Amino acid sequence: MARAPLSPLDFRPAERGLQVDPILRPSLSYWEDTWRRLRGNRRATLALVVVIALLTASAVGPVVWTVDPSAQDLDQVSKLPWADRRARIVDGAGAADPSLPVARATGGSDPTGMDLRIVGEATTKSVVLEWNLSDLASGYRVYRHIDAIAGGEPLGLPLAEVPIAGPGRFIDRLNLQPHRYYYAVAALDAAGEEQAASTIIPADVVRVLSEQEAIARGFAASKIFPGAEVELPFHPLGTDALGRDMLARLIHGSRVSLFIGIAAPWFYVMIGVGLGSLAGLRGGAVDQLIMRFTDFVVALPFLLFMILFKIGFGIGPGESGILPMLVALVLLSWPGTTRLVRGQVLQIREEGYLEASRLLGAPTRHLLLHHLVPNVMGVVLVTLTFAIPSAIFTEAFLSFIGMGVVPPTPSWGSMCNDGTKTMLMHPHELVLPATLISLTVLAFNVLGDGLRDALDARLRSRE
Amino acid sequence: MKRLLQGVVTIWFIATSTFVAMHNVPGNPLLDEKAVSPEIRRNLEARYGLDRPVFPDQYLTYMRNILRGDFGISFTQRNRRVNDILREHFPVSAILGILAIVFAGFGGILFGSLTAVYRNRLPDVVIMVLVVVGISVPGFVFAALAQLGIVGLNEVLGWTVLPVAGWGTLRHLIIPSLVLGLGTMAFLTRLMRSSMLDVLGADYIRTARSKGLPPTRIFFRHQLANASLPVLTVLGPAIAAITTGGFVVELIFAIPGLGRYFVEAVQQLDYTVIMGTTVFYGTFLVVMVLVVDLAYALVDPRVRLE
């Protein structure tokens with residue numbers, strides 16, 4: 001193919017402002033690129049949203065939900081949020097009146113002839129039991145059970161022994177909750193052995209408040225008169241075994257857990273960055289010294305020392321025990337980051353771009369700020385994100401075995417510990433804090449994964 | 001040799017800091033002797049050497065006793081020596097721990113290689129989701145939930161399939177050791193997956209394949225054996241995690257292991273038991289890490305001990 005001969009016209013400079021296809025995509029900085037990739041990762045974005053939501057909840061929570069986390073609502077103990085909150089006001093001591101209606105066990109004959117009955121209304125103030133005395137018995141033992149009892153099963157909690165001399169009557173005032181209780185009375189022989197038990201009688205206990213109690217609980221005076229019905233305070237997530245508001249405790253607990261979970265890693269990662277870069281940049285004797293010390297601290301059994309530290313610190317009255325835990329965590333956790341940062345610094349020091357920059361005459365300050373710091377930053381950020389769940393874990397573990405925060409300060413770990421004691425009857429007291437710990441740790445873990453992928457494309461390709 | 005020296009220094013540090021920490025705690029061993037006159041108190045103090053200065057006299061006595069393997073007498077259980085407590089309850093913890101490690105190791109290698117083989121397919125996705133859950137849920141929550149689960153199971157079936165708590169038969173062991181090993185297993189699965197994927201692209205796998213070796217042989221002899229090596233390296237930290245995890249599991253399942261005694265001693269400030277168990281546990285962990293390192297060098301000839 002013949003080519004047209006070139007003429008000088010072909011060598012004119014291009015006109016300015018000529019419309020050409022743009023060959024540049026908008027320049028992305030390192031962080032913009034990271035952010036873009038992180039947002040592209042749906043799981044990580046979700047985790048980020050969860051983390052932000054948790055942080056916001058623990059920051060704003062106490063302002064929105066102002067209930068005192070250590071205030072006890074003894075009318076509502078271990079209650080679920082949808083439990084009945086009505087209470088009736090009664091006057092005085094609510095003493096039994098012979099004219100009151102009597103409830104007897106329905107169905108089934110009573111071979112013992114004791115004819116166990118409940119006099120008047122069963123309320124949280126008192127349950128009045130009466131039975132016929134028998135000539136053969138030399139005493140009676142009264143039982144209460146919280147579940148229906150089949151024949152042959154234990155009768156439940158022995159409440160009292162009533163001597164034969166008294167009337168066949170017992171008034172139960174022991175920690176009554178609005179619930180259906182099952183009562184039984186067993187006749188005792190002279191040796192104190194049980195002979196025969198009466199039929200079992202159910203009692204539906206109604207929650208009542210005396211007028212004084214209603215005033216003490218702050219109900220409006222106009223509402224307080226015998227027979228009036230009042231609504232007890234609402235607990236959105238129920239109450240714990242001591243009648244404390246779960247939501248308030250969870251919010252305040254989140255402050256403790258998240259504070260330790262974020263503050264401790266922040267401090268020790270900073271220490272790690274400082275010492276690690278010092279060791280990496282200086283090298284020589286300084287490096288040797290720092291690394292020997294690192295090796296030593298790493299070899300210490302971590303949780304054992306956390307516990308020792310907590311004991312040795314000694315917690316005075318009125319302290320929450322958060323500070324000793326924080327200090328111990330920081331003192332024992334810095335070596336990991338130090339090693340990592342030192343390794344990174346040593347590696348980056350040998351990189352070609354640093355050499356190029358140095359040969360172009362860049363001052364040391366420029367090398368540090370523009371090359372070293374941004375490149376180490378990524379790794380540090382990922383370490384920090386992964387350090388948070390492990391710190392939350394540590395706090396929860398220590399609080400769980402009773403070595404963490406001091407009651408009544410709530411933390412998720414100590415709430416779990418309380419919850420395990422009542423988990424068979426009231427699982428919500430364990431499930432709620434446990435879910436929150438798991439959710440938080442999960443969110444930070446997933447976020448850390450996403451961040452690592454976003455910061456380092458090489459790592460992502462291996463996944 | 002250097003490592004050995006370092007280990008000894010670490011153990012010494014553990015013993016010393018235990019001593020210092022205990023001396024910072026308020027209270028003293030004679031505090032609950034009722035109505036003691038100052039003279040008797042002085043006599044008692046002299047009897048137990050408490051009138052002498054903490055440093056160096058008491059410290060030296062303490063160190064000498066530790067070197068002879070004598071940890072003293074428990075404060076709260078007066079008739080028991082700490083050595084007896086260690087001897088009696090450590091085997092319980094050890095059995096539980098070994099079972100948990102075995103379970104975690106096998107589970108981790110099995111599930112890890114499954115995920116690598118079925119990479120990005122359903123088994124991989126399912127297992128990896130479970131792994132993330134396993135890493136994120138604290139051990140004590142698993143323990144409590146497992147206990148709830150057993151109660152429910154027994155209730156549904158109407159007879160005691162598995163005991164809820166306690167110690168004695170093999171059936172008591174199953175659930176606690178599963179729970180104890182779960183976190184470590186999740187961690188190992190993750191590690192195993194990435195190391196399997198690494199090995200997958202290695203030259204010797206390609207060589208083995210081109211030699212015409214059967215796939216199962218390649219998988220077991222070449223892939224699995226090489227990929228399992230990194231699992232060994234984290235065995236040291238895993239032992240530590242399972243030891244401390246044992247505290248919680250023993251507490252929840254009412255297992256008479258050393259971990260539970262340690263936690264109880266800490267709560268009751270039973271000084272000698274705390275000191276004894278801490279030094280014991282510390283030594284145990286340091287030795288285990290050393291042993292694991294040695295074993296690693298033995299298995300993998302490429303690794304040379306410095």
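Student: What is the relative accessible area of B:F13?

Tutor: B:F13 counts as partly exposed, a class that lies between buried (under 20% relative accessible area) and exposed (over 50%), using a 1.4 Å probe and protein chains only. The value that places B:F13 in this class is 27%.

Student: What kind of model is this?

Tutor: Residues are numbered from 1 along each chain as its sequence is written, while chains are lettered from A and ligands numbered from 1 in the order in which they are written. Side-chain values use heavy atoms, with hydrogens and water left out; local features need pLDDT of at least 70, side-chain atom pairs count only at pLDDT 80 or more, and totals for chains, interfaces and linings use all residues, for this is a predicted model.

Student: How many aromatic pairs are there over all chains?

Tutor: The rings of Phe, Tyr and Trp (its six-membered ring) pair if their centres lie within 6.5 Å, and planes under 30 degrees apart count as stacked, over 60 as edge-to-face and the rest as tilted. Applied over all chains, this rule gives a count of 13.

Student: Why is the pair of A:F296 and B:F13 called edge-to-face, and what is the angle of the planes?

Tutor: The two ring centres are 4.8 Å apart. The pair is edge-to-face because the planes stand at 75 degrees.

Student: Where do A:F296 and B:F13 lie, and what does their pair join?

Tutor: Helices here are DSSP runs (H or I, at least four residues), numbered from the N terminus. A:F296 belongs to helix α5 (residues 284-299) of chain A and B:F13 to helix α1 (residues 2-24) of chain B. A:F296 is buried at 16% relative accessible area. As the partners sit in helices of separate chains, the pair joins two chains.

Student: Which kind of pair do B:F280 and B:Y281 make?

Tutor: B:F280 is partly exposed at 23% relative accessible area, whereas B:Y281 is buried at 3%. Their ring centres are 6.4 Å apart and their planes are at 55 degrees, so the pair is tilted.

Student: Which residue of chain A belongs to the aromatic cluster that holds B:F280 and B:Y281?

Tutor: From chain B, this cluster takes in B:F90, B:F247, B:F262, B:F280, B:Y281 and B:F284. The member from chain A is A:F397.

Student: How many of the 10 residues of helix α10 of chain A are buried?

Tutor: Helix α10 (residues 412-421) of chain A is mostly covered, and its buried residues, among them A:W412, A:M415 and A:C416, pack against α2, α4 (246-282), α9 (364-400) and α11 (428-455) of chain A as well as α6 (139-157) of chain B. The number of buried residues in this helix is 8.

Student: About how much area do chain B and chain A bury between them?

Tutor: In contact terms (heavy atoms within 4.5 Å), 44 residues of chain B touch 36 residues of chain A. Buried area is the accessible area (1.4 Å probe) that two parts lose on being put together, summed over both. Of the area buried here, 76% is on carbon and sulfur atoms, and the total is about 3,300 Å².

Student: Which residue of chain B forms a salt bridge with A:D449?

Tutor: A salt bridge needs a side-chain nitrogen of Lys or Arg within 4 Å of a carboxyl oxygen of Asp or Glu, and across the interface of chain B and chain A the rule finds 1. With the closest N and O atoms 2.9 Å apart, the partner of A:D449 is B:R190.

Student: Which element gives the most to the side of chain B that touches chain A?

Tutor: The elements that give two or more residues to this side include α1, α6 and α7 (170-200) of chain B. The element that gives the most, with 11 residues, is α1(B).

Student: How far apart in space are B:F103 and B:L182?

Tutor: B:F103 lies in helix α4 (residues 82-117) of chain B and, beyond its neighbours within four places in sequence, is in contact with residues including B:L178, B:L182 and B:M185. B:F103 and B:L182 are 79 residues apart in sequence, yet from C-alpha to C-alpha their separation in space is 8.3 Å.
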